[in-house]
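Dear colleague,

I am passing on the structure we spoke about, with my notes on what was found in it. Please read them with the coordinates open beside you.

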Amino acid sequence: MKSRRTLLVRTGHGSAAASAVPGLPEAVPGVVPDGVQAVAPAAAAHAVADAVADAAPTAEPSAPPVPPDLPPVFGPVEPAPVAPRPVASGPVAPWPAAPGPIVTGPVLPMEPVLPVVTVVPVQSVRPVVPAPPSAPPVAPPPFVVPPRPVEPPAVPAPPAAAAPVGPVIEPLFTSAPGLNWAGPGDQWSRAWALRTLDGAAAPDAAPVASPVAPPVAEAPQAASPTAMTETRDAAELPPTARDIELIRTSLAIVEPVADRATAHFYALIFLGHPEIRALFPAAMDVQRDRLFRALLTAARSAGDPEGLRAHLGALGRGHRRYGTLTGHYGPVGECLVAALAKYAGSRWNAETELAWRRVYRLVSSIMIEAAEEAARTSPPWWRGEVVAHERRTPDVAVLTVRPDQAYPYRAGQYTSLETPWWPRVWRHFSFASAPRPDGLLTFHVKAVQAGWVSNALVHRAAPGDVLRLGPAVGGMTLDDTDDGDLLLVGGGTGIAPLRALVEEVAGRGAGGRSVEVFHGARTPAELYELAALRELADRHRWLTVRAVLSGPGAGTADAAAAGLLAGELPEAVARFGPWTGRTAYLSGPPAMVRRTTGVLLRSGLPAERIRHDLVGDLAAP
């Protein structure tokens, strides 16, 4: 079987590859094999071109031949598959320069080899069937150049913005790494909320099948609408003296088992109203008793409307930072009444329940009013960026925080802070400076044992971290109508709000008043603010600063040379008394505040002139 060879034909316009004609021997210049008729150069060229056209692939498939009795077919027709042909890789015979016979050599059999030469396709020489007369060529439309504009194009007006919903309060920055969000729609809420307050399915919550109630032999008789209306109207009345007596009697029974009553109270809330679980931290070891005890304290103080309103107003404004809504108060009240009914024993009756409903309605209405009033002018929380973190001792740090918007507060007050590392765990810290023109806030934080927030702020926080701040609270502020002398007693980091009070007096002017400051600590290192206070005392003659050391090193010659008094802080305050006619401000550990309060009361200072931020049992001397 004879093989096919590829012949490269070079013309004046370039070179092309042609397949050898089947049956022809290999072309060798000057040799004509026997039995082969010589062909003229022109005829040979046409024969080679026809052979190339049959062998080489074309750029466009040509239409197959049409039988004579059928009309010509127009348009593209798929070509028949053609088997690939091997291409020889031998030398190419040059095109003869002058006309002459083509001399070929003997035919030698060759095995087909793989192609290594690029074959340039040759355009088919078959005639192209012209288009029918019914489809004349369409001339392209003439190109029209538009005139040059003389006015700028009109810009469409932006779409109208939707009306804002709620208070128009937007922070300067809305997100930060690890920042937590408390309220409807966050991850914590979606994890716990099976339904919302109005009964609709919560977002991202799987539908929960309604449990099938077991058959009941005899359904209890429902109360008549008239009786229900009378009960509801009676509960909306203000509490009477008899109600206050019943409240205190039932509290005396429940308080010995307050731990079990508290656990039952939260179990009722979280099982019956799982959407409220999102308002509390994951670990309830600290938060568990706060709400229940706050409700009990409020009920105990129901006979003091003014004090109750001041205390509950602060609670209502502060609970906004947890995401508390008005609709949450109703379920909490029902669970409170159910828990009290379980643990009050035989002393619980319809009259006691009515008394508790009246008191709770008073408590919740005060808190709701305070929260709604605060919502008109302030956000539920502020975001603050840590801009400075200074370590004063191994476990005490001074943090400077820049809030995302104006933060109103007064010297002597405190706020609650939440870190990104402990979601929904808030702790109270006092402001260590009076309001500043640059709006920065300063806090003194001591890392205490098992203190989640304090350890995070001291050992982990750094510039750039974002905290959350609740509203400023606390009544340890200066009375603008009283320009009497002041006594400031602070232990440890309790010196922070007292430093703020000194700055406020210095900014306003002493006006003839004198200020005595006692700064107590166990070790000299814990008196970290003593140098700054003494510098203020050097500039202001109305300020006197005394440092008291109660731990190791107290009473030594070095301590005496440094001007440090020895002994416990309350006893040192008593030695420099009496303090009649002054207003005392106490801040520090609860034990120190209680002991100092007792010392001042025994020295003749009235209780109304002793101010601190301990409430309830913590304030009892």
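Two strands are taken to pair if DSSP finds at least two bridges between them, and the helices (H or I, at least four residues) and strands (E, at least two) are themselves DSSP runs, numbered from the N terminus. This is a predicted model, in which local features need pLDDT of at least 70 and side-chain atom pairs count only at pLDDT 80 or more, while totals for chains, interfaces and linings use all residues. Residues are numbered from 1 along each chain as its sequence is written, and side-chain values use heavy atoms, with hydrogens and water left out.

Strand S10 (residues 515-521) is joined to strand S11 (residues 543-549) by seven bridges, and the two run parallel; within this pairing, Glu516 has Thr544 as its bridge partner. On S9 (residues 486-491), which also runs parallel to S10, the link is made by six bridges, and Val489 stands opposite Phe518. The chain passes from S9 through helix H11 (residues 495-508) to S10 in a right-handed β-α-β crossover (right-handed if, with the strands pointing away from the viewer, the path from the first strand over the helix to the second runs clockwise). S10, helix H12 (residues 530-539) and S11 likewise form a right-handed β-α-β unit.

Seven of the seven residues of S10 are buried (under 20% relative accessible area, with exposed over 50% and partly exposed in between, using a 1.4 Å probe and protein chains only). In a regular strand the side chains alternate between the two faces of the sheet. In S10, Val515, Val517, His519 and Ala521 are buried on one side, and Glu516, Phe518 and Gly520 on the other.

A nonpolar core here is a set of buried Ala, Val, Leu, Ile, Met, Phe, Trp, Tyr and Cys residues joined through side-chain atoms within 4.5 Å. The largest has 32 residues, of which Phe265, Ile269 and Leu312 touch the most other members; helix H9 (350-375) gives the most to this core, with eight residues. Apart from it lies another core, of 30 residues, including Val515, Val517, Ala521 and Leu549.

With regards
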